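Good morning, colleagues. Please look at the structure first.

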Amino acid sequence: MRNGSLLTIQDLQTHFFTGEGVVRAVDGVTLSVRPGETLGLVGESGCGKTVTALSILRLIPNPPGRIVGGTICFEGRDLLRLPEEEMRSIRGCAISMIFQEPMTSLNPVFTVGEQVAEGIRHHQKVSRREAWDRAVEVLRRVKIPDPARRAYEYPHQLSGGLRQRVMIAMALALGPRLLIADEPTTALDVTIQAQIVDLLMGLQEEMQMAVILITHDLGVIAETADRVVVMYAGRVVEEASAEQLFETPLHPYTQGLLESLPKLETGKRHRRLTAIPGLIPNLLDLPTGCKFAPRCPKVIGDCWPTEPELREIRPGHWARCILA
Amino acid sequence: MEPLLVVKDLKKYFPVKKGLWFGERADVRAVDGVSFAIGRGETLGLVGESGCGKSTTARLVLRLLEPTAGEVHFGKTPVFKANRKEMHQLRRKMQIVFQDPYSSLDPRMSVKEIVGEGLVIHRLARGKEKTDRVAELLEMVGLGREHMGRYPHEFSGGQRQRIGIARALAVGPELLIADEPVSALDVSIQAQVINLFEDLQRQLGLTYLFIAHDLRVVKHISDRVAVMYLGQIVELAESDELYRNPLHPYTQALLSAIPVTDPKTKRQRIILEGDPPSPIQVPAGCRFHPRCPKRFDPCDTEAPVLREVSPGHWVSCHLY
Amino acid sequence: MRGLFSGQGRWSPGIVLGSAILLFFGLMALLSTLLAPYDPTRIPERLQGFSLLPPRGDHWFGTDLLGRDLLSRVLYGARISLLVGIVVELVVTPIGVTIGLFAGYFGGSMDGVLMRTTDAVMAFPGLVLAIALTAVLEQPGLLSVIIVLTAVRWTSVARLVRGQVLSLREAEHIAAIVALGAGKGRIIFRHLLPNCLAPILVAMTFGVASNILAEAGLGFLGLGIQPPMVSWGSLLAEGVVYLTAKPWLCVFPGLAITCTVLGFHVLGDGLRDVLDPRLRS
């Protein structure tokens, strides 16, 4: 539907079959990523942003999870119909992913150089020597100081920030066209967060890759994303360019998220925060109509019976709300 | 105004063994000479990155840890000199709310038992009186009587934080230490809990020591803010003043690292080089100098002291 | 046990299967006097034609050298084996729990002394200790078996509980209780102990299984139960001489031991699954 895109997800449905019922973690997500752009994927815990990312790579743990519907087109091929071997050659090569917790994603018994080189050798027929040299080169690219020496160190010898750089190096070693970054800065300290965000954005420009940046931090999104998709309860509730979204958020949930952030500007201290009332929704017990209705400050009678469609309200600005 | 809490030159070193057998001993200087005071009804924010010693400071103030050196006075009582009986009384007056809504509640106790624990320990209420008091506390934090019989795993993160707050309030404290109380919560829930803290302060006249790494949250809730780096306070000022006029290069970097939710303002970011050094090997001179973009001659040899450079604005930096 | 099973109400297949196996052997032990077709100690007047019979219609498990019915002996043996397994576990658990709680909670030199003692006992070869103790106690028998096993079997519970307490001590809910002003007794018995109960319970099921095996080992060496009492271990010791020629003498008591131990293990695994708070939704 949207031309010239690198990745198009159509009506993706990923469900988890648990003892208590079917958890529809992702229920009809449609989005697309153009080559070279940064798509921000925002939402709170349980909104389905990570499951969407894992679905793209077909890394949903089965059981209990399964992709039950939809298509994921990457460069013209439907990833959901590829045989597993072909999928394996795409993972880490054309599409790669970095995770929130760099310590658990690295193997403690191998040096970081070995781990980066291993990834290269996994996808390309190169000699050990050559893979190692390229690994050091990638470590240099992610601005690890003294990479030739650091390559010989083990993950526990590195700080959290450096580990996250190693993760990025592993993800970028083969020059992916799409990088999925799942909360890449959440586990890091504020000053290190800034370093990593800066690094990622620099590398993206340098390597001309598309990035899906998953985060709950609206600030990081505002600084980095070209377009933003806001998710709630397994659905896309709003999609817009970053400017549009932060200037005129259309969905009451997006508005609520923005308003609930404490403001830094002076002189407003002790002004009450505008919180979104209620709890993060329970995916086993969702209302039939708009999923945000129980927490929505603008809810009207028409919100309850049927779920609103995601509509294009203004060019390029979509929202799933009857009031928009 | 008489301060409620005075902390003087507080130090806590944790000994660590280097090497496997007879290696030399070293100290982790988690807290290394921290001083501040909090007035009655005031909120002092304590910010810093992980490992800067802010949580250790909280535990020292409550005497959950014994200090290496220094003093803490609660009102007129010297906390570290208090005997058993005095300490027991002090525990009613100082309480804490923790960061992790999962590990901070005993998974095997019902909400009623968790919140009522303080009432039982200090023999404040029993039987029906206890039940009523617990119900009252739960309502105070936005939960209800119907939640009393349930267990922690039945609640969401935000609700668990509310239970933790109710447990702390049960004994009627004057000082509440909040150690990263909202960092584990989702954005929309964070705002609810911050509002709850502010409402409770107004209703009960509480004094807060509010610890967080998120400067945005700390600035919102605090009257004054202290910035910690490697076991020491590097800057302390009124929160508006600190935001408007940050003096220490570290505070400036922290403030500039906060992402702004407006894609059109391209802020001037100060990106610090490297990582915070380990508190085992504290740099000589100013502890911040290896990462400081403005370091100059005396910084690597001479340690600056915390000085009041304008009324109420303290900074520990050779630039001022 | 308050809250131990709270919010679960799930029965894992392990618990059902394990309980079923153990119920079978438990009933066997309890009703052995009724179930046994013969007196397990009765030696026929004329041995010829009754000694070392293979399994057949009137002696399902065959007979031993002295013509005694093996089925009856296995049934009676269940009483002693299960008794030793359970009694020893009931004695060592409180000892181990107390030592573990104190070592873990007080730490420092208390921890050092208690844990080095535990290590010493663990490191010492159990069999050598058993032989030495039996020699000291002069007469091997039911009591000596229980004493010997108790002397070596408390260590694993102590280690387990100490580990639990050490990690619990770091938990914020314990810090919160200390900050509320709770005394040592309240912290240890109302907050630390209940949180250790689930792993202790699981360890107990595995412990009973180990005790049964250990008793069999002692019996095998002749340091266990003495005649006329029978246990599965002493039956094995008697039968091993004929292992190749008359294998049934070892197979049936061996099977009984294997199945019982398996039953306890399956039950333990099932309990662990159900009681692990991490597995709760």
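Predicted model: local features only at pLDDT ≥ 70, side-chain atom pairs only at ≥ 80, totals over all residues.

A salt bridge, as the term is used here, is a side-chain nitrogen of Lys or Arg within 4 Å of a carboxyl oxygen of Asp or Glu. With that criterion in hand, please turn to B:Glu117 and C:Arg186, which form a salt bridge with their closest N and O atoms 2.7 Å apart.

On the side of chain B that touches chain C, the elements that give two or more residues are α2 (84-93), β6 (94-97) and α3 (111-121) of chain B. Of these, α3(B) gives the most, with five residues. By class, that side divides into 11 nonpolar, eight polar and eight charged residues.

The extent of this interface can be given in two ways. In terms of contacts, 27 residues of chain B meet 26 residues of chain C. In terms of area, chain B and chain C bury about 2400 Å² between them, and 52% of that is on carbon and sulfur atoms. Three residues, B:Arg108, B:Glu117 and B:His153, supply 31% of the area that chain B buries against chain C, more than any other three residues.

I now move to the interface of chain B with chain A. Here 46 residues of chain B are in contact with 46 residues of chain A. The two chains bury about 4000 Å² between them, with 55% of it on carbon and sulfur atoms. Within chain B, the residues that lose the most area to chain A are B:Val187, B:Arg216 and B:His220, together 15% of what that side buries.

Which residues form the one salt bridge counted between chain B and chain A? They are B:Asp199 and A:Arg272, whose closest N and O atoms are 2.5 Å apart. Four helices of chain B, namely α6 (187-204), α7 (215-221), α8 (239-244) and α9 (249-257), each supply at least two residues of the side that touches chain A. The most comes from α6(B), with nine residues. That side has 17 nonpolar, 12 polar and 17 charged residues.

My last topic is the aromatic rings. A search of the whole structure finds 14 aromatic pairs over all chains. One of them joins B:Tyr250 and B:Phe288 in an edge-to-face arrangement, 5.3 Å centre to centre and with 65° between the planes. B:Tyr250 lies in helix α9 of chain B and B:Phe288 in the loop between α9 and β11 (307-310), so the pair ties together parts 38 residues apart in sequence. Are these two residues buried or exposed? B:Tyr250 counts as buried at 0% relative accessibility, and B:Phe288 counts as buried at 2%.

In chain C, the ring centres of C:Tyr105 and C:Phe106 are 5.0 Å apart and their planes stand at 85°, so this pair is edge-to-face. C:Tyr105 counts as buried at 16% relative accessibility, whereas C:Phe106 is partly exposed, with a relative accessible area of 34%. Finally, in chain A, ring pairs link A:Tyr232, A:Tyr253 and A:Phe292 into a cluster.

Key: Residues numbered from 1 in each chain as written. Chains lettered and ligands numbered in written order. Heavy atoms only, no water. Contact = heavy atoms within 4.5 Å. Buried area = accessible area lost by both parts, 1.4 Å probe. Nonpolar A, V, L, I, M, F, W, Y, C, P; charged D, E, K, R; others polar. Phe/Tyr/Trp six-rings, centres within 6.5 Å; stacked < 30°, edge-to-face > 60°. Buried < 20%, exposed > 50% of the residue type's maximum accessible area, 1.4 Å probe, protein only.
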